[in-house]
Amino acid sequence: MGLTAQAAGWFLLAAVPFGLFSIYSDLSRMKIPNLATDGLAASYIILGFIALPFDLYLWGFAHYVVMLLVGILLNAARVMGAGDSKFIASAAPYVAIADLRLILFLFPAALIAAYVTHRLAKHSPLRQVVPDWASWEQGKRFPMGFPLGMTLIIYLLIVLLTR
């Protein structure tokens with residue numbers, strides 16, 4: 001069973017502010033702060049209890065643990081940053097396993113869109129609006145909080161609007 005529209009509506013209450021904060025922070029400082037990831041995780045504890053049947057609510061904690069362990073390994077291998085790993089783990093409970101195919105489609109699309117948008121903005125007059133953002137001068141490093149935050153918010157919006 002996938003996530004219901006009602007649950008997605010509840011989860012958007014946390015995903016929008018913490019997702020947008022993660023996007024902004026990663027673009028501007030190349031860091032996803034603990035406040036964002038811890039807030040997202042803490043919000044699941046409250047909102048998940050309200051929005052989900054108890055068995056699915058408990059499974060969300062398993063999603064968190066599994067993705068945190070995978071993230072720790074990927075961070076140790078220098079594949080991704082610690083903030084990215086923590087964001088993925090904190091967002092994992094919000095995603096139903098039945099919707100994994102949607103996420104596997106949505107994340108690459110968000111990654112491409114975020115990358116193209118970031119690179120176009122970097123070489124456009126828009127850069128003058130926020131000239132001090134750390135992400136402009138990172139070479140090959142990319143602020144993954146941008147597509148990760150987008151993926152969570154768009155996933156929940158799709159569920160809210162289609163179910």
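Trp133 is found in the loop between H5 and H6, where helices are DSSP runs (H or I) of at least four residues, numbered from the N terminus. The model is predicted, so local features need pLDDT of at least 70 and side-chain atom pairs count only at pLDDT 80 or more, while totals for chains, interfaces and linings use all residues. Residues are numbered from 1 along each chain as its sequence is written, and side-chain values use heavy atoms, with hydrogens and water left out.

Trp133 has a relative accessible area of 19% and is therefore buried (buried means under 20%, exposed over 50% and partly exposed in between, with a 1.4 Å probe and protein chains only). Leaving aside neighbours within four places in sequence, Trp133 is in contact with Tyr24, Leu27 and Ser28, contact meaning heavy atoms within 4.5 Å. Trp133 and Ser28 are 105 residues apart in sequence, yet their C-alpha atoms are 4.2 Å apart in space.

Arg127 is buried because its relative accessibility is 18%, whereas Glu137, at 58%, is exposed.

The structure holds two salt bridges. Arg163 forms one with Asp99, with 2.7 Å between the closest N and O atoms. This pair links distant parts of the chain, 64 residues apart: Arg163 lies in the segment after H6, and Asp99 in the loop between H4 and H5. Asp99 counts as buried because its relative accessibility is 4%, while Arg163, at 47%, counts as partly exposed.

Helix H2 (residues 34–51) contains Ser43. With 15% relative accessibility, Ser43 counts as buried. Beyond its neighbours within four places in sequence, Ser43 is in contact with Ala14, Phe18, Gly48 and Tyr94.

Helix H3 contains Phe61, which is partly exposed because its relative accessible area is 30%.

Turning to the largest pocket, about 590 Å³ of space lies within it. Its lining comprises 20 residues, of which Met67, Ile88, Ala92, Leu100 and Ile103 lie nearest the centre. The elements giving two or more residues to this lining are H3, helix H4 (82–91), helix H5 (100–122) and helix H6 (145–162). On a 1 Å grid over the protein atoms alone, a pocket is an open set of points where a 1.4 Å probe fits, with protein on both sides within 12 Å along at least five of seven lines; lining residues have an atom within 4 Å of a point. Grid points are joined across faces, edges and corners, and the volume is the space filled by probe spheres set on them.

Notes: Salt bridge = Lys/Arg side-chain N within 4 Å of Asp/Glu carboxyl O.
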